[in-house]
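Open the model in a viewer and keep the selection tool ready. The stops below can be followed in order.

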Amino acid sequence: MAKKNQVDALLTQLTQELTQAELWQYTPIEPRKLLSSEPFCCDTLQFEQWLQFIFIPKIRQLIVTGAPLPNNISIAPMAEIHYSKLACFLPLHRVLSELDAILSGR
């Protein structure tokens, strides 16, 4: 249970960092954009949209239902690609690196 609490707290932190960086979208996403089969929906969504509309809700749903969490993820490298030149990079990268480490057992 401690792992799930840690992950939930990091998801809250991630939401806060995205909001502070003005990357949080307050309007709903078009449902068709969520149907991509590409990794991170890279053909239909911005990375922050994928975090907001797919990753965060999916992991929260797993926590609520008691389902197993993913055990091998690597999201922080995508943050490096998308945010390395932005002021928000370090806080976002830190949170995503922590999520990667906790979920992957590192």
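The model on screen is predicted.

**Stop 1: the largest pocket**

Select Trp50, Ile54, Phe55, Lys58, Ile59, Leu62, Pro70 and Ile73, which line the largest pocket. The space in this pocket is about 150 Å³. Lys counts as charged, and Lys58 is on the list of lining residues.

**Stop 2: the aromatic residues**

The structure holds 5 aromatic pairs. In one of them, the ring centres of Phe47 and Trp50 are 6.0 Å apart and the planes meet at 15°, so this pair is stacked; the cut-off for stacked is under 30 degrees. Phe47 and Trp50 both belong to helix 2 (residues 47-65), where they are 3 residues apart, about one turn of the helix.

Are these two side chains buried or exposed? Phe47 has a relative accessibility of 2% and counts as buried. Trp50, at 11%, also counts as buried.

Now centre on Phe47 and Tyr83, an aromatic pair that is tilted, with 5.9 Å from centre to centre and 45° between the planes. This pair links distant parts of the chain, since Phe47 is in helix 2 and Tyr83 is in helix 3 (residues 76-83), 36 residues apart. Phe47 and Tyr83 are both buried.

**Stop 3: helix 3 and its cover**

Which residues of helix 3 are buried? They are Ala76, Met78, Ala79 and Tyr83. These residues cover an arc of only 150° around the axis, so they sit on the same side of helix 3. Helix 2 and helix 4 are among the elements that cover them.

To see a residue of helix 4, select His93, which lies in that helix (residues 89-104). Neighbours within four places in sequence aside, His93 is in contact with Ala76, Ala79 and Glu80. The relative accessible area of His93 is 18%, and the residue is therefore buried; the cut-off for buried is under 20%.

**Stop 4: Val95**

Stay in helix 4 and select Val95. With a relative accessible area of 0%, Val95 is buried. What does Val95 touch, not counting residues up to four places away in sequence? The list is Leu10, Gln13, Leu14 and Glu17. For a distance check, draw the C-alpha to C-alpha line from Val95 to Thr15: the two are 10.0 Å apart in space and 80 residues apart in sequence.

**Stop 5: two positive phi angles**

Finish in the loop between helix 1 (2-20) and helix 2, where Glu22 is found. The phi of Glu22 is near 60°, a positive value in a residue other than glycine. Glu22 is exposed, with a relative accessible area of 72%.

Phe40 is in the loop between helix 1 and helix 2. Although it is not a glycine, Phe40 has a positive phi of about 60°.

Key:
Residues numbered from 1 in each chain as written. Predicted model: local features only at pLDDT ≥ 70, side-chain atom pairs only at ≥ 80, totals over all residues. Heavy atoms only, no water. Phe/Tyr/Trp six-rings, centres within 6.5 Å; stacked < 30°, edge-to-face > 60°. Helix = DSSP H or I, 4+ residues; strand = E, 2+ residues; numbered from the N terminus. Buried < 20%, exposed > 50% of the residue type's maximum accessible area, 1.4 Å probe, protein only. Contact = heavy atoms within 4.5 Å. Arc of directions from axis to C-beta. 1 Å grid on protein atoms, 1.4 Å probe; cavity = no way out; pocket = protein on both sides within 12 Å on 5 of 7 lines; lining within 4 Å. Points joined across faces, edges and corners; volume = space filled by probe spheres on them.
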